[in-house]
Amino acid sequence: MPRLIHLSDLHFGAHDARLVEAVEARIDEEKPHLVVISGDFTQRARTEQFQEACRFLDRLKQAGHEVLGVPGNHDVPLYDVLRRFLSPLTRYKRYIDDTLCPWHELDGAAVLGINTARSLTFSDGRISHEQMAFIRQAFGRARAAPRILVTHHPLFALPVGGELANAVGRSDLALDAIAEAGVDILLAGHNHQASTHSARDLATRAGAALVIQAGTATSTRLRDEEQSFNRIDIDGGRVTLTLQSWNGDAFVSGDEQTYAREGDHWRLANRPVAAEPAQ
């Protein structure tokens, strides 16, 4: 039964060092099989911010944790116009990962990351036709289920601050791709708010995915809720999501919800998954 830690929106350069230390401590306690980071490693894509994010990743890896990450819009330079349009993700590739569509197959889950950050869209994201084909191809050869797709930008228009935030560009076509690829779980960030939805409740053509949003783990830029991240325990067709919330001193387990897959829909279940930590 794989266990994932889902972090997002670290924003090194606008972060709280106490929270970074607390995240590392909590991850060591939870012993996940994979740490997923859904973008915005930095605040302004500056070299020193990427270096700090790189040191954070190095500490996780030295502690024995596998990591899969994707870029966010803040990992593309905003004010350095030449770099923004000529080499927007050079620093990301140098300090974080030279693979923009990382793949990781666990015993009990297959995880694919897709880069949605673009130079032209600024805050909003976009997905290409080539990436949609890659989603179909990658999950078509996956041996494990559930199939988990990681992006920075949500594929859906989700409520943020009483309004609907923009969905990723070409979202309709992207939803067709994830439905055809049999994607079971979507992990994203960007909105700095934790939430969970069934894709069927958000769009009729979305397939059977469970939509899991992470809040910001370490940033000081908040939207009406404290810093948090997700622990996700998977047991076949059951997923238990446990919010890890900042209480001022440490990250502690908060709300826990278990979802059971029933045909083309996820429903809340009563019995949580009793996942064993990785050895």
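Helix 5, which spans residues 129-140, has 12 residues and reaches 17 Å from its first C-alpha to its last, close to the 16 Å expected at 1.5 Å a residue. The model described here is a predicted one. Within helix 5, the buried residues are Gln-131, Met-132, Ile-135, Ala-138 and Phe-139. These residues lie on the same side of helix 5, because the arc they cover around the axis is only 130°. As background, an α-helix has 3.6 residues a turn, so residues three or four places apart point the same way. On the face of helix 5 that is turned away from its buried side, the exposed residues Glu-130, Gln-137 and Gly-140 are found. The buried residues of helix 5 are covered by elements that include strand 4 (103-106), strand 5 (109-113), strand 6 (147-150) and helix 6 (171-181).

The largest nonpolar core has 30 residues, and those with the most contacts inside it are Leu-7, Leu-10, Val-23, Ile-37, Phe-41 and Phe-56. Two or more residues are given to this core by each of strand 1 (3-7), helix 1 (17-30), strand 2 (34-38), helix 2 (47-62) and helix 4 (90-95). Helix 2 supplies the largest share of this core, namely six residues. If the neighbours within four places in sequence are left aside, Leu-10 is in contact with His-15, Ile-37, Gly-39, Asp-40, Phe-41, Phe-56, Ala-217, Thr-218 and Ser-219. There is also a second, separate core of 23 residues, which includes Ile-114, Leu-149, Ala-177 and Ala-181.

| Residue | Relative accessible area | Class |
|---|---|---|
| Cys-54 | 18% | buried |
| Cys-101 | 22% | partly exposed |
| Thr-240 | 1% | buried |

With a disulfide taken as a pair of cysteine sulfur atoms within 2.5 Å, the count of disulfides in the model comes to zero.

Thr-240 is part of strand 13, which covers residues 238-246. Because its relative accessible area is 1%, Thr-240 counts as buried, and its side chain makes a polar contact with the side chain of Thr-258 at 2.7 Å.

Definitions and conventions
Residues numbered from 1 in each chain as written. Predicted model: local features only at pLDDT ≥ 70, side-chain atom pairs only at ≥ 80, totals over all residues. Heavy atoms only, no water. Buried < 20%, exposed > 50% of the residue type's maximum accessible area, 1.4 Å probe, protein only. Helix = DSSP H or I, 4+ residues; strand = E, 2+ residues; numbered from the N terminus. Expected span 1.5 Å × (residues − 1). Arc of directions from axis to C-beta. Contact = heavy atoms within 4.5 Å. Core = buried A, V, L, I, M, F, W, Y, C linked by side-chain atoms within 4.5 Å. Polar contact = N/O pair within 3.5 Å; in protein donor to acceptor, adjacent residues only side chain to side chain.
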